[in-house]
Amino acid sequence: MRKKYSWRQRRRLSDPIEEHVAFSDTETKIAIAGHPLHAMMVAFPIALAFSVFGADAMYWFTGDDFWPRVALWGSGVAFGMGVLAGVTGTVELLMAPGIRIRSASWTHFILAVMLLSVLGLNWGFRLDDPVGAVLPWGAMISALAAGMTGITGWHGGKLVFDYHIGAQRRDKGGHA
Ligand code: HEM
């Protein structure tokens with residue numbers, strides 16, 4: 001419900017977004033027992049993006065063909081799970097008015113879509129020749145993917161911890 005401000009307060013508080021009726025409606029729309037699906041799924045692309053970089057580094061040090069096969073599978077699953085996580089995040093973004101109205105949510109969306117394209121590139125680049133693809137370009141793409149994953153994940157955390165986006169409201173049985 002829109003807050004009531006006196007005429008004097010209105011002259012000081014002029015942010016139309018904060019006064020918008022939807023501003024506080026940030027609760028998750030797709031969750032299991034109040035835990036957002038998006039938060040559950042992002043763990044996979046995050047862990048795998050860093051692991052693929054690790055596998056490339058291991059190949060560089062050891063020359064063992066096992067590691068490029070690990071990187072091929074890891075990058076494919078990172079991309080697939082990243083896309084699925086992106087779908088759940090996009091549903092939240094479009095369906096929850098208090099998420100949609102915040103510019104920080106759209107910043108996260110743009111970062112995430114750029115990340116997904118790099119995760120897809122990291123996989124597609126290895127498909128024909130997983131071993132030959134690693135040095136130097138595969139390793140450089142996975143370094144970029146790991147860096148972008150760090151930035152996107154950190155920003156997603158800010159949405160939750162700073163703005164309580166996706167968190168359940170206490171008056172509805174949650175802890176936020
Ligand atoms: C492609 C579109 C994406 C959209 C629209 C999106 C949107 C969101 C939203 C709305 C939240 C707040 C929590 C929630 O409501 O579930 C969030 C949290 C988060 N997102 Fe995304 N996201 C996207 C992709 C990604 C990807 C690819 C990553 C992987 C790095 C990611 C990492 C995170 C993290 C780590 C959180 C914090 C989760 C928590 O600590 O609870 N997001 N995202």
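Residues 137-161 of this predicted model are 100% helix and 0% strand, with 36 Å between the end C-alpha atoms. Helices here are DSSP runs of H or I of at least four residues, strands are runs of E of at least two, and both are numbered from the N terminus. The span is one of those that UniProt, in an unreviewed entry, gives as "transmembrane region"; the record lists residues 39-61, 73-94, 106-125 and 137-161. Those positions are in the numbering used here, the feature names are shortened, and such annotations may be inferred rather than shown by experiment. For residues 106-125, the end C-alpha atoms lie 29 Å apart, and the span is 95% helix and 0% strand.

Two notes on conventions. Residues are numbered from 1 along each chain as its sequence is written. As the model is predicted, local features need pLDDT of at least 70 and side-chain atom pairs count only at pLDDT 80 or more, while totals for chains, interfaces and linings use all residues.

Now the chain as a whole. It has 7 helices and 2 strands, and the order from the N terminus is α-β-β-α-α-α-α-α-α. Of its 176 residues, 31% count as buried. Buried means that 20 or more other C-beta atoms lie within 10 Å of the residue's own; exposed means 12 or fewer, and partly exposed is in between, with C-beta atoms placed from the backbone. Among contacts with a separation of 6 or more, 71% are between residues 24 or more positions apart. A contact is a pair of C-beta atoms, placed from the backbone, within 7 Å.

Back to helix H7, residues 134-163. Which of the H7 residues are buried? They are Val134, Gly138, Ile141, Ser142, Ala145, Thr149, Thr152, Gly156 and Leu159. H3, H4 and H6 are among the elements that cover them. H7 also holds Pro136, and the peptide bond joining Leu135 to Pro136 is cis, with omega about 0 degrees.

Phe53 counts as buried because it has 24 C-beta neighbours inside 10 Å. Leaving out residues up to four places away in sequence, Phe53 touches Ser142, Ala143 and Ala146. Its C-alpha atom is 8.7 Å from that of Ile141, 88 residues away along the chain.

Next, the nonpolar cores. A core is a set of buried Ala, Val, Leu, Ile, Met, Phe, Trp, Tyr and Cys residues joined through C-beta atoms within 7 Å. The largest has 23 residues, of which Ala49, Val52, Ala55, Ala71, Ala78 and Leu119 touch the most other members. H3, H4, H6 and H7 each supply at least two residues of this core, and H3 gives the most, with 7 residues. Apart from this core lies another, of 5 residues, including Leu93, Ala96, Ile99 and Leu159. As for Leu119, its contacts beyond four places in sequence are Pro45, Ala49, Ser75, Ala78, Phe79, Gly82 and Ala145.

Then the ligand. Which residues come nearest to the ligand? Of the 31 around it, they are Gly86, Gly89, Ala112, Gly156 and Gly166. Helices H2 (37-41), H3 (43-62), H4 (66-95), H6 (103-124) and H7 (134-163) each give two or more residues to this shell. The shell divides into 16 nonpolar, 14 polar and 1 charged. Here Ala, Val, Leu, Ile, Met, Phe, Trp, Tyr, Cys and Pro count as nonpolar, Asp, Glu, Lys and Arg as charged, and the others, Gly among them, as polar.

A few local points remain. Most residues other than glycine have a negative phi, and most peptide bonds are trans. His164 is not a glycine, yet its phi is positive, about 60 degrees. His164 sits in the segment after H7 and is partly exposed because it has 16 C-beta neighbours inside 10 Å. Ala33 also has a positive phi, near 50 degrees. Ala33 is in the loop between strand E1 (31-32) and strand E2 (35-36), and with 5 other C-beta atoms within 10 Å it is exposed.

Last, Asp25, in the loop between helix H1 (7-12) and E1. Asp25 is partly exposed, with 14 other C-beta atoms within 10 Å. Beyond four places in sequence, Asp25 touches Ala96, Pro97 and Gly98. The C-alpha atoms of Asp25 and Ile99 are 7.5 Å apart, across 74 residues of chain.

Terms used: Near = placed C-beta within 6 Å. Contact = placed C-beta atoms within 7 Å.
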